[in-house]
Amino acid sequence: MTSQLINGVELSNQLRQDLQTRVKALTAAGHTPGLAVILVGENPASQVYVRNKVKACEQVGIHSVLEKTPDTLTEKDLLVKIDALNQDPSIHGILVQLPLPAHIDAQRVIEAISPEKDVDGFHISSAGALMTGAKGFWPCTPFGCMKMLESIHYDLKGKHAVVIGRSNIVGKPMAMMLLQKNATVTLCHSHTKNLAELTRQADLIVAAVGVRNVLTKDMVKPGAVVLDVGMNRDEDGKLCGDVDFDGVRQVAAFITPVPGGVGPMTITMLLHNTVWAAEQLNPTVERALQST
Ligand code: NAP
């Protein structure tokens with residue numbers, strides 16, 4: 001068997017077209033969605049990420065503001081900036097690019113963002129909403145994975161999903177989203193014993209570890225669906241995921257590539273969350289769009 005690819009670039013383009021329509025409707029009503037991105041310091045990877053986020057905003061018509069600050073910025077000054085953005089009616093989403101320099105408490109900064117503008121979905125109130133099944137922002141990467149499953153009409157009811165990695169931004173929210181769709185979820189981490197035994201029982205595997213080849217062909221049941229969240233570099237410096245792609249694609253029914261898989265979906269769901277935030281404040285625009 002050779003897997004079918006779930007192409008994150010194509011799916012992103014489709015979803016971004018729909019977002020463009022929603023942005024146009026909001027803009028026509030005088031409520032252009034706005035995203036503020038704060039970058040502290042000069043981490044090269046972070047600079048690329050924020051540049052891509054701002055570019056994606058432009059593509060769909062979202063107003064974006066990029067605030068670049070030196071890594072000497074104090075936590076207090078960062079909190080002042082966030083407070084100003086919380087009050088700014090032209091801004092519907094606030095994103096502080098992580099990681100932050102060691103002298104800044106990232107959790108305190110995230111909690112300072114107004115929950116109504118928490119488009120990354122990292123605020124404790126967003127986490128609580130996801131946990132209880134209430135309306136709220138879903139973290140972009142696992143949300144993107146859910147959209148990928150939707151795109152292949154994958155019915156999660158009663159399926160066994162194994163998530164490898166339990167971070168607050170990927171693994172844990174991923175497990176919650178899958179649970180909400182009635183999958184039976186096993187959440188694995190670095191202390192999990194017999195990982196291969198668990199993954200071999202899985203109908204769906206999500207790898208979100210940050211370790212190359214953590215999932216190999218012998219660990220995957222034929223016909224399983226495999227989503228690769230990992231972003232690593234191979235010995236030639238090329239971007240690769242957590243999954244041994246060439247091996248696993250011989251047994252999985254569907255697989256996401258790296259690059260071109262989950263990565264572009266993460267940015268698309270950030271755009272989605274920003275548009276959704278603006279719509280929450282302008283429900284008449286949202287309703288008018290639904291009735292067209
Ligand atoms: P993280 O915070 O470092 O979490 C990694 C998780 O993997 C931890 O829960 C850790 O377990 C677990 N783990 C480590 N080694 C393991 C092993 N050998 N077997 C099983 N579990 C193991 O990372 P993250 O932020 O969730 O990101 C994970 C990966 O996804 C990274 O490569 C990151 O770059 C990538 N990522 C990609 C996107 C995207 O848009 N594509 C977005 C976010 C992240 P413990 O909890 O026990 O330490």
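This is a predicted model: local features need pLDDT of at least 70, side-chain atom pairs count only at pLDDT 80 or more; totals for chains, interfaces and linings use all residues.
**Domains and cysteines**

Let's start with the overall layout. The chain splits into domain 1, covering 31–116, and domain 2, covering 140–263. Taken over C-alpha atoms, the centres of domain 1 and domain 2 sit 29 Å apart.

A disulfide is a covalent bond between the sulfur atoms of two cysteines. This structure has zero of them. For C57, the nearest cysteine sulfur belongs to C140 and is 11 Å away, and C57 is in no disulfide. C57 is also buried, at a relative accessible area of 1%. C145 has a relative accessible area of 0%, so it counts as buried.

**How α1 meets α2**

Two packed helices are described by the angle between their axes and the distance between the axes. Here, helix α1 (residues 8–28) packs on helix α2 (residues 44–60) at about 60°, and the axes are 8 Å apart. That angle is why α1 and α2 are called oblique to each other.

Which residues in α1 and α2 meet? On the α1 side they are N13, R16, Q20 and V23, while α2 brings A56, Q59 and V60. Sorted by class, this contact has three nonpolar residues, three polar ones and one charged one. An α-helix has 3.6 residues a turn, so residues three or four places apart point the same way.

**Helix α7 and its cover**

Next up is helix α7, residues 171–180, whose buried residues are G171, P173, M174, A175, M177 and L178. What covers them? The cover includes the helices α5 (124–132) and α6 (140–151), along with the strands β5 (160–164), β6 (184–188) and β7 (204–207). Just after α7, N182 takes a positive phi of about 70°.

T274 lies in helix α10, which spans residues 262–281. Is T274 buried or exposed? Its relative accessibility is 0%, so T274 counts as buried. Neighbours within four places in sequence aside, T274 is in contact with P33, G34, L35, I62, H92 and V119.

Most residues other than glycine have a negative phi, and most peptide bonds are trans. A few places in this model go the other way, and the table lists some of them.

| Site | Backbone feature | Where |
|---|---|---|
| L98 to P99 | cis peptide bond, omega near 0° | P99: loop between β4 (93–96) and α4 (106–112) |
| V258 to P259 | cis peptide bond, omega about 0° | P259: loop between β11 (254–255) and α10 |
| N194 | positive phi, about 55° | loop between β6 and α8 (195–199) |

How accessible are the two asparagines in the table? N194 has 49% relative accessibility and counts as partly exposed. N213 comes in at 37% relative accessibility, so N213 counts as partly exposed too.

Terms used. Residues are numbered from 1 along each chain as its sequence is written. Side-chain values use heavy atoms; hydrogens and water are left out. Domain bounds come from an automatic or database domain assignment. A disulfide is a pair of cysteine sulfur atoms within 2.5 Å. Buried means under 20% relative accessible area, exposed over 50%, partly exposed in between (1.4 Å probe, protein chains only). Axes are lines fitted to C-alpha atoms, for helices over the stretch in contact, and angles run from 0 to 180 degrees between N-to-C directions. Helices (H or I, at least four residues) and strands (E, at least two) are DSSP runs, numbered from the N terminus. Angles under 35 degrees count as roughly parallel, over 145 as roughly antiparallel, 65 to 115 as roughly perpendicular and the rest as oblique. Contact means heavy atoms within 4.5 Å. Ala, Val, Leu, Ile, Met, Phe, Trp, Tyr, Cys and Pro count as nonpolar, Asp, Glu, Lys and Arg as charged, and the others, Gly among them, as polar.
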